[in-house]
Amino acid sequence: MTLLAAWTTLLWRWTGQRDVCVGTPVAGRVRAELEPMVGFFVTMLPLRTVLDGDWTFAELLGEVRRTALGAYDHQEVPFERLVDLVDAPRDLSRNPLFQVMFNLLNVPEQRDVEAGGLRLTPFAVEPGIAQQDLALYAYEVAEGLRFRLEYNTALFDPATAERMVGHLETLLAAAVADPGTRLAALPVLTAAERTQLAGWNDTTAPAGWDAPDGRAPTLVDLFAAQVAANPDRPAVTFGGTTLDYATLDARANRLAHRLRRAGVGPDVPVAVCLPRSHELPVTLLGVLKAGSAYVPVDPEYPVQRQRYVLAHSGATVLVTDAGRTERFDDFAGTVVRAGADAAGEPDTAPPPTAGPEHLAYLIYTSGSTGRPKGVRVSHGAVVNTLAAMRERPGLTRDGTMLAMASFAFDMSVPELFLPLVVGARMLLVDRDVAYDASRLAGLLAAERVTLAQGTPTTWRLLIESGWTGAPGLTAVCGGEAVPAPLARQLAERVDALWNLYGPTEAAVWATMDRITPDESRPTIGRPIGNMRVHVRDAAMNPAPVGVPGEIYLGGPGLARDYHDDPALTAQRFVPDPDGGGRLYRTGDLGRWLADGRIEFLGRADSQVKVRGFRIELGEIEAVLRRHDAVRDAAVVVREDAGEKSVVAYLTLAGTPEPDAGHAVTADVTADPAPWRAYARTWLPDYMVPAAFVPLNRMPLNANGKVDRAALPAPHRDRATVGAGEPDTPLRAALARRWAEVLGYERVGIDDDFFDLGGDSFRAIKALAGSDPAISVLDLFRHPTIRALTAHLDATGGSAGRLLHELTPERPGTPTTLTLLCVPFGGGSAITFQPLADALPAGVSLYALERPGHDLNRPDEPMLDLDELVDRCVAEVVEQVTGPVAVYGHCVGGAEAVELARRLEAAGVDVTGVVVGAHFPAPRLPGRARWSRCARWASSPRSSTNARRTS
């Protein structure tokens, strides 16, 4: 009984499963008359135990004894009969009731026997086949007990088996020494293993920074050192603008003085709401130089989320641009316009007030309560991460690092600050570049980028576009788990590939591993300098090598806390039981490998990562439950052909809910558009579910909780919803391609691509290789196959044209004014769709789509300024009648001015030229018509003012 109890406990500790069933053989000779009979009567008894970690070993021993004696009393029940009674599913690859066996052979030890001149010698036979996946044999010998572990070599290797035997010995010794010990507290690791784990976490490393006065440096200190050493070297490049270190420093200093006058200081949050431009790093450095912590407010996020971040962070100062000040009219604090309001302030640095213990930023991530949670990170934590990245993957003063992540996403922190603290150049690009593989590939080569971060989704998009690689590039993959095939493909195309892992709560990255082209199982590697990684079970015991557990992180890279949430802080930041300060519970599952690397195994809760964005499924559920028509919601991530997507399941209020005896059915006729529109008012695009499935009831498990594994897959046959069979070869080809990309059995020619769950990534794939080539812009404006092909038939599509009319047709309404809009550098014409939708009758809008930027037209040449403007003039003369006004956004202003000059020379009535810095808001091309002005204006008044300004 003692051995069986110990074996059961070890199985629980290794698997984490409380419900353990072990098979044991019995002789089957329960009647006296069977004793002298020759024959095989052995049968197997399944012994099931449901363990509780709070039991003592003595209590478990009593439970095991009762279970075993009860089984012995009923051992005559045939095993096959027992299988039938419990209705266990049959699987030829395994025993239906147990896969682990225990056999105590309490028979005399076999020795040579001599009788009547005959000598009998036992002969050991090794059949070479494991009867079960795992079997423990115990032999009673004169010295005590001898164990033999038999295992399936397809599942276990010799080293694992050796460790398991060592753990059983350790556990048995502790249990016998003190049977009153709780099961969860019984040790399993040997002394050698504990020493090994401690060695893997011996990561002490000097920072190597030249810090002032010998103290630990801040980000401001490290940047100041580079300004002093390299004042004339390029620091930031955005579009056609490059700032050297001295200029960047002077502009940041002016803003810092302005912020100091607004009353900010150490640990005081300053909100920043700016698009991506050279003004962004100026502003972030200015906030840090003022001694404050920046709070990123992404202008692309829904207004509701922006307002929540502003209110919850407690920011009393907001830095934004002139085009967005009206959006924040209800902000109670001080609004500072980037650049403009700092004019006249001193160029010299203000005296430093913040130290390494003070906050550098407060960044918001998805929260399970339905509201984002703010993570507060100090200078010291960020500096530790940057010190590790300076060495590995590595960046020197001669390098260029690509910065393409949203500054509200923690992956942006190394992109924005690592180049500036080592004297390198930051190449800041617009958000659209990350989603346009052809532009991204060209940029990597043209700018000689040496270090670039990206999520697996970004790298996959680049590779699938035909990218052959970039010499001299070190690639960093992070944000979510990287599949092995993708890792191998990427490693073949770059000088070095590093897989990095870490949550926002650990200053972005905590572990790293270099991936080679022959990698078969990518890992998250080992802890970076000064950080510790622990894999622990539910009782905080260190997990043995190869055994899954939750990943805990420790060291100077940990965040301070969750802002204004002490309960969540206490729950996630816990004391280190080994006395090493604090540990952060990541909620991620992993296991140590024998070489000291860590394998990532997924999440232990409802938090997931999709395209590198950390998503709390509970937050999406909470938003959907706020809708008056929703009774309950469950959200899961489904994966199809390597593509992850978020799927929402809903039960609706006002309808009777059937009891658990009724089958779960889905309403396949429901229109998802209203749900998607509602979700978009509260959630960023990356959190909006790709599919919505209304159910008559939620499937429940035995505990009465939603059985997420039983949620049905989204219905992929739109025959009863989508109208129209493909009636031309082109429509048939598009329908097949859309169905393949979106995961449907078929797609009708009147199905809306975006209502089927399409997004910008899938749009690129859906049109890749189409013949004729179709612009993604055309799909954004004509999202059904019927409308898209009709547009192609009528106009030839966007191919060969530069100016695209975005305003809808208004028969019978004469055009009194035509707006010609030039987007920002590299921007798409679709940027102006919200403005076109808001224009009054009689005003038409044409927008420029520069050639050479469409992934689906890789051979399309780029045009120089003269040719570009001359072709635009020719199109205006041919297509437009009446007066025109020209608008240029950001660097598009130069093209707009030249276009106006040549239009006047051609006799066109030009009523005016407007050059704007930040309007309309740059955003990822998408279904702008879904969101209209709500995506960039917080109120109808703001929309009206914006239209009047333009």
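The crossing of helices α6 and α8 is left-handed, a label used when the near helix is turned anticlockwise from the far one by less than a right angle (clockwise would be right-handed). Helices here are DSSP runs of H or I with at least four residues, strands are runs of E with at least two, and both are numbered from the N terminus. Helix α6 covers residues 219–229 and α8 covers 279–289; they pack at an angle of about 120°, with their axes 9 Å apart. Those axes are lines fitted to C-alpha atoms over the stretch in contact, and the angle, between N-to-C directions, can run from 0 to 180 degrees. Leu219, Val220 and Phe223 of α6 meet Leu285, Leu288 and Lys289 of α8, where contact means heavy atoms within 4.5 Å.

A quick word on what you're looking at: this is a predicted model, where local features need pLDDT of at least 70 and side-chain atom pairs count only at pLDDT 80 or more, while totals for chains, interfaces and linings use all residues. Residues are numbered from 1 along each chain as its sequence is written, and side-chain values use heavy atoms, leaving out hydrogens and water.

Now for the inside. The largest nonpolar core has 224 residues, and Trp7, Leu402, Phe417, Trp467, Trp738 and Leu845 touch the most other members. Helix α1 (residues 2–15) gives the most to this core, with nine residues. A core like this is a set of buried Ala, Val, Leu, Ile, Met, Phe, Trp, Tyr and Cys residues joined through side-chain atoms within 4.5 Å. Buried means under 20% relative accessible area, exposed means over 50%, and partly exposed is in between (1.4 Å probe, protein chains only). Zoom in on leucine 402: leaving aside neighbours within four places in sequence, its contacts include Glu415, Leu427, Val429 and Leu440. There is also a second, separate core of 20 residues, with Leu868, Cys872, Val884 and Leu899 among them.

Most residues other than glycine have a negative phi, and most peptide bonds are trans. Aspartate 267 has a positive phi, near 65°. You'll find aspartate 267 in the loop between α7 (245–261) and β10 (269–273), and it counts as partly exposed because its relative accessibility is 27%. Asparagine 530 also has a positive phi, near 70°. Asparagine 530 sits in the loop between β22 (526–527) and β23 (532–536). As for the peptide bonds, the one from arginine 392 to proline 393 is cis, with omega near 5°. Proline 393 belongs to helix α10 (residues 379–394).
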